Amino acid sequence: MRRIIELMKRIAKELVRDPRTLALVFVAPVLVMWLMSVVFSVNSTTHVDVATVGVQSSLRTQLNDVKHVSTHRYATTHSAKAALKSGKVDAIVKERDNRFDITYANTDSTKTSVTKMAFQSSMTSTTLKQLSEQVTKLAMANATLQAKMQAQPAAQQGASGSTSASATPTKKTATKAVKVHNHYVYGDSNTNYFDKIMPIMMAFFVFLFVFLVSGMALLKERSTGTLDRVLATPVRRSEIVLGYLGTYGILALLQTIVIVITTVWLLNVEIVGSLVNVVLVNVLVSFVALAAGIFLSTLAASEFQMMQFIPIVIVPQIFLSGLIPLDSLPKWLDYVSYIFPLRYAADAQNAIIFNGDGLGSIWLDLVILVIFVVVLAALNVVGLKRYRKV
């Protein structure tokens, strides 16, 4: 028992001398829990913007009265489609000769469902209102007719009644049946929430596994003394960093291709744009993760500390990359998301997969990812300086 107590004392002293481990043990969980409380306590109500083209004012009013639904009137279908492509609206409702063509962006299945329910509710309310107006008119006409009949003498009433009955034709109002046709820019009626988050999860898994592999690899080099022997040679620190980036970059490239191909063909995820562009974005994500993993491994004293970096580096990116709708988060948290590379990767992948955009539309996101790689690689060169003894 005495030896156990002495061993416990020694381990406790080592922990006290290591402030990084203490901070990761006590501070990191608090930060993650606080971030989760902020993210999940915000208003998660889904708001939908609907473009209308040629829709009767009564139906448009009913749609606008539905909670969390806003309508925007457009003169032409072309302008409405431009708004749909740019993300200003989530659906287009076009009416012509009692035929409704509804086009959904369908990048968010929840918004598609809300739009469908709002349209059905509005159609029902409009139909009931029209029926009510017709019943009121018929009642008023009937009351007027009854008043005229009572005002006539009894003899004339009989003659007039027989004349009216024979002379007045019965009117038949032919009402065209309402036809509704649904169209989807992305996917179909079976598209679900998984399809929405898949571009984000694809980039996340690429980042996570490359980050862990690269970080653990350099830690192994340090623990076995291999890194010290390499640093004792005339090899420059920048050459060492580029060597690691090159070797593990090839591995990351192959891993990225496997993840993307698996996602597209095995999980049957539809990609409107180019598959090559999706691979390019994820390759850049893997290089960012590779540089980040190597850099943080120079700060970690052990594999245990490397694993504890995950709550600080990985978890916040899940919440701030778009998995939780960014427009529902506090504005300041939206600004914070711009310091994480997965935010740019998610924006680029959403544009390619959902909208079919090319590299010309996502060039800024790609440039920022490249900047992340360059900055982290430079920090790696500086970080290796602390291990060079000669």
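**Notes on the helix packing and salt bridges**

1. Starting with the helices (DSSP runs of H or I, at least four residues, numbered from the N terminus): α15 (residues 341-355) packs against α16 at about 150°, the axes being 9 Å apart. Axes here are lines fitted to C-alpha atoms over the stretch in contact, with angles running from 0 to 180 degrees between N-to-C directions. That makes α15 and α16 roughly antiparallel (angles over 145 degrees; under 35 counts as roughly parallel). Their crossing is left-handed, meaning the near helix is turned anticlockwise from the far one by less than a right angle.

2. Before going on, a word on provenance: this is a predicted model, where local features need pLDDT of at least 70, side-chain atom pairs count only at pLDDT 80 or more, and totals for chains, interfaces and linings use all residues. Residues are numbered from 1 along each chain as its sequence is written, and side-chain values use heavy atoms, with hydrogens and water left out.

3. α16 has another partner: the axes of α10 (residues 275-299) and α16 come within 9 Å and cross at roughly 20°. So α10 and α16 run roughly parallel, and this crossing is left-handed too.

4. Buried means under 20% relative accessible area, exposed over 50%, and partly exposed in between (1.4 Å probe, protein chains only). Among the buried ones are P316, F319 and L323.

5. On to the charges: the structure holds six salt bridges (a side-chain nitrogen of Lys or Arg within 4 Å of a carboxyl oxygen of Asp or Glu). In one of them, K196 meets D108 at 3.5 Å, N to O. K196 sits in α7 (residues 193-223) and D108 in the loop between β4 (99-104) and α5, so the pair ties together parts 88 residues apart in sequence. K196 is buried at 14% relative accessible area, and D108 is buried at 12%.

6. K111 also pairs with D90, with the closest N and O atoms 3.6 Å apart. K111 belongs to α5 (residues 109-151), while D90 is in the loop between α4 (77-86) and β3 (91-96), 21 residues away. D90 counts as buried, at 15% relative accessibility.

7. Back in α15, D347 and R343 lie four residues apart, about one turn of the helix, and form a salt bridge at 3.1 Å between the closest N and O atoms. R343 is buried at 7%, whereas D347 is partly exposed at 29%. Shared partners join D334, R343 and D347 into one salt-bridge network.

Notes
Helix = DSSP H or I, 4+ residues; strand = E, 2+ residues; numbered from the N terminus. Parallel < 35°, antiparallel > 145°, perpendicular 65-115°, else oblique.
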